[in-house]
Amino acid sequence: MELYGKMAATQEAKFGQKDTSDQNFDYMFKLLIIGNSSVGKTSFLFRYADDSFTSAFVSTVGIDFKVKTVFKNEKRIKLQIWDTAGQERYRTITTAYYRGAMGFILMYDITNEESFNAVQDWSTQIKTYSWDNAQVILVGNKCDMEDERVVSAERGRQLADQLGFEFFETSAKDNINVKQTFERLVDIICDKMSESLETDPNVNAGKQNTRLTDNPTPLQQPNCGC
């Protein structure tokens with residue numbers, strides 16, 4: 001585990017060097033997309049970061065990342081979004097990246113019961129390897145495939161409530177609730193930062209309160225029951 005931790009630190013350091021060309025931002029949030037293999041994590045990230053989709057993605061090997069900058073209440077927030085491999089053989093590598101993550105998108109495939117059943121295990125990994133205040137949104141992806149659905153939206157909501165997570169059904173293919181999921185995760189993180197600032201002014205000293213007061217974009221309501 002120590003070896004993999006060093007590998008993760010090395011890759012993140014390389015990211016930091018690569019990203020130093022643009023330091024014009026107020027905050028940087030490290031986000032991870034996790035879940036079983038083939039639930040659509042990479043497609044989800046590409047849809048959000050590049051507004052592109054292809055069904056030809058192969059399984060992620062290890063971990064990859066993209067960067068996207070968003071604006072909230074006149075604050076520029078750089079999102080460092082890590083796309084993790086879902087296969088068991090990469091688990092030791094990917095969990096090394098949980099450290100320092102401020103938010104997680106925990107994803108399952110609504111057409112795959114096994115991926116839904118694995119959510120509990122992924123949740124346990126978040127609690128084990130990440131910091132206590134990491135925010136999590138549970139996502140049921142591929143809701144465009146209604147004819148192949150095996151996990152109802154209600155079961156997803158119930159599990160999210162049980163785990164204390166917020167919940168979205170999404171489709172990277174049809175671009176349903178992808179942007180809204182990330183926006184909501186950023187909102188939750190900013191709210192938590194504000195609470196920390198209110199209780200401990202020394203947290204992020206010198207930074208203004210970034211509590212979000214703007215209304216989030218209304219969720220799309222497709223026929224798949226999202």
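**Note on the predicted model: pocket, salt bridges and burial**

1. The lining of the second largest pocket is made up of six nonpolar, four polar and three charged residues. The structure discussed here is a predicted model. The volume of this second largest pocket is about 230 Å³. Its lining has 13 residues, and those closest to the centre are Ile126, Asp132, Ala134, Val136 and Phe165. Two elements, H5 and S5, each give two or more residues to this lining. H5 gives the most, with three residues.

2. Next, the overall layout. The protein contains seven helices and six strands. Read from the N terminus, their order is α-β-α-β-β-α-β-α-α-β-α-β-α. The protein has 226 residues, and 50% of them count as buried.

3. How many salt bridges are found in the whole structure? The search gives eleven.

4. Glu113 and Arg155 form a salt bridge in which the closest N and O atoms are 2.6 Å apart. Glu113 belongs to helix H4 (residues 113-117) and Arg155 to helix H6 (residues 153-163), so this pair ties together parts that are 42 residues apart in sequence. Glu113 has a relative accessibility of 29% and therefore counts as partly exposed. Arg155, with a relative accessible area of 30%, is also partly exposed.

5. A salt bridge also joins the side chains of Glu169 and Arg149, at 2.8 Å from N to O. Glu169 sits in strand S6 (residues 166-169), while Arg149 is in the loop between strand S5 (135-141) and H6; the two are 20 residues apart, and the pair links distant parts of the chain. Are the two partners buried or exposed? Glu169 counts as buried because its relative accessibility is 2%. Arg149, at 19%, also counts as buried, since the cut-off for that class is under 20% relative accessible area.

6. Arg184 and Glu166 make a salt bridge whose closest N and O atoms are 2.8 Å apart. Here a helix and a strand are tied together: Arg184 lies in helix H7 (residues 178-199) and Glu166 in strand S6, so the parts joined are 18 residues apart in sequence. Arg184 is partly exposed, at 24% relative accessibility. Glu166 is likewise partly exposed, at 31%.

7. Asn36 is found in the loop between strand S1 (27-35) and helix H2 (41-50). With a relative accessible area of 14%, Asn36 is buried. Which residue does the side chain of Asn36 meet in a polar contact? The partner is Trp122, and the contact between the two side chains is 2.8 Å.

8. Helix H2 is mostly covered, with eight of its ten residues buried. The buried residues in H2 are Lys41, Thr42, Ser43, Phe44, Leu45, Arg47, Tyr48 and Ala49. Just after H2 comes Asp51, which takes a positive phi of about 50°.

9. Lys127 is placed in helix H5 (residues 119-129). Its relative accessible area is 61%, so Lys127 is exposed. Computed along the sequence, Lys127 and Tyr98 are 29 residues apart, and their C-alpha atoms are 9.7 Å apart in space.

10. A last point concerns cysteines. A disulfide is a covalent bond between the sulfur atoms of two cysteines.

Methods:
Residues numbered from 1 in each chain as written. Predicted model: local features only at pLDDT ≥ 70, side-chain atom pairs only at ≥ 80, totals over all residues. Heavy atoms only, no water. Salt bridge = Lys/Arg side-chain N within 4 Å of Asp/Glu carboxyl O. Helix = DSSP H or I, 4+ residues; strand = E, 2+ residues; numbered from the N terminus. Buried < 20%, exposed > 50% of the residue type's maximum accessible area, 1.4 Å probe, protein only. Polar contact = N/O pair within 3.5 Å; in protein donor to acceptor, adjacent residues only side chain to side chain. 1 Å grid on protein atoms, 1.4 Å probe; cavity = no way out; pocket = protein on both sides within 12 Å on 5 of 7 lines; lining within 4 Å. Points joined across faces, edges and corners; volume = space filled by probe spheres on them. Nonpolar A, V, L, I, M, F, W, Y, C, P; charged D, E, K, R; others polar.
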